[in-house]
Amino acid sequence: MSKTLDASGVGGSETPNLDFDGTTPYEDYVQADVLTHLQHLRSDDPGEMVFLVTTQVMELWFTVIVHEWETAAKALREDRIQVAMDALKRSLRELEALNASWRPLAQLTPGQFNAYRAALGEGSGFQSAMYRRMEFLLGEKSASMLVPHRGAPRVHAELEKALHEPSLYDEVLRLLARRGLPVPEAVLNRDLSQRYEPSPEVEAVWTGLYAAPDDNETVDLHRLGEVLTDVAELVWRWRNDHLVATRRAMGAKTGTGGSAGVTWLEKRATKNVFPELWTARSYV
């Protein structure tokens, strides 16, 4: 057999196929050429590329996390707790990667950020439709957040659908009720388009589950609660990392798009999702 060159140009007896009629199968699957040509810079500042790509990467992670949480919500609705747990555990690694996206931006000085800030115009992260779907899945519902998307019918319709669907936590509470735990009817039948509000009765349910972590009848629910707490912690870290990065880059100035900037982020950073999972710990 004659000696051929492998993909690196080194001699070998076998080589990967390097000759295709059209684009490569890798390109067809990943669409790398599309992804790497989505960056349309609006300034001459070299830092804008970092900001733009990092933001686009965040959007991709939002998309994956929404997929995981929707998978988990559907599995919980069907009483397939292990399938839900698997999706939630995957989302933990994805949330860690999402949170790491702040690192390229976290060291921006005001001067560096201002060098291309004008390129954003009225653009702001709170306008992200996929992030809004994440928030809705966490129970952070708000009909007013659909308003910025009225000019994009498909996006608006997806958000409106998500607004009226049970959140991930709603599905958890419905599961607890099906398992015989005393989740109030007022919680189970609440207006799903409204933000979830903490319930003393739900807090008591979680307190009972955490007081008996080895109960064979409910051990899977205790484990589910801990995975949800892991999710909530990483969401809290995301919000705090966002706050720190913004404070460092622009101080207390008004945010892009007319948002309150740091003031709004500070309020968000004080809130926990799945609230009773946190408060119940005081009574165990």
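Which residues does Glu68 touch, not counting residues up to four places away in sequence? The first legend answers this.

The views below show a predicted model, in which local features need pLDDT of at least 70 and side-chain atom pairs count only at pLDDT 80 or more, while totals for chains, interfaces and linings use all residues. Residues are numbered from 1 along each chain as its sequence is written, and side-chain values use heavy atoms, with hydrogens and water left out.

**View 1. Glu68 and the residues it touches.** Glu68 is part of helix H3 (residues 47-77). Helices (H or I, at least four residues) and strands (E, at least two) are DSSP runs, numbered from the N terminus. Glu68 touches Ala87, Arg90, Ser91 and Glu94, not counting residues up to four places away in sequence; contact means heavy atoms within 4.5 Å. With a relative accessible area of 5%, Glu68 is buried. Buried means under 20% relative accessible area, exposed over 50%, and partly exposed in between (1.4 Å probe, protein chains only).

**View 2. Ile81 in helix H4.** Helix H4 covers residues 81-100. Ile81 has a relative accessible area of 11% and is therefore buried. Leaving out residues up to four places away in sequence, Ile81 touches Leu175, Arg179, Asp220 and Leu221. Met58 is 23 residues from Ile81 along the chain, and their C-alpha atoms are separated by 28 Å.

**View 3. Asp21 in a loop.** This loop runs between strand S2 (11-12) and helix H1 (25-30). Asp21 counts as exposed because its relative accessibility is 91%. Between the C-alpha atoms of Asp21 and Val227 the separation is 47 Å, and the two residues are 206 apart along the chain.

**View 4. The largest nonpolar core, with 59 residues.** A nonpolar core is a set of buried Ala, Val, Leu, Ile, Met, Phe, Trp, Tyr and Cys residues joined through side-chain atoms within 4.5 Å. Those with the most contacts inside the largest core are Trp69, Leu88, Leu168, Leu173, Trp206 and Phe274. Among the elements that give two or more residues to this core are H3, H4, helix H8 (168-178) and helix H11 (219-250). H11 gives the most, with twelve residues. Apart from this core lies another, of seven residues, among them Ala129, Phe136, Leu159 and Leu163.

**View 5. The ring pair of Trp102 and Trp238.** Rings of Phe, Tyr and Trp (its six-membered ring) pair if their centres lie within 6.5 Å; planes under 30 degrees apart count as stacked, over 60 as edge-to-face and the rest as tilted. By this rule there are ten aromatic pairs. The ring centres of Trp102 and Trp238 are 5.1 Å apart and the planes are at 45 degrees, so this pair is tilted. Trp102 lies in the loop between H4 and H5 and Trp238 in helix H11, so the pair ties together parts that are 136 residues apart in sequence. Trp102 is buried at 10% relative accessible area, and Trp238 is buried at 7%.

**View 6. The ring pair of Tyr169 and Tyr196.** This pair is edge-to-face, with 5.1 Å centre to centre and 90 degrees between the planes. Tyr169 lies in helix H8 and Tyr196 in the loop between H9 and H10, 27 residues apart. Tyr169 is buried, with a relative accessible area of 2%, and Tyr196 is buried, with 8%.
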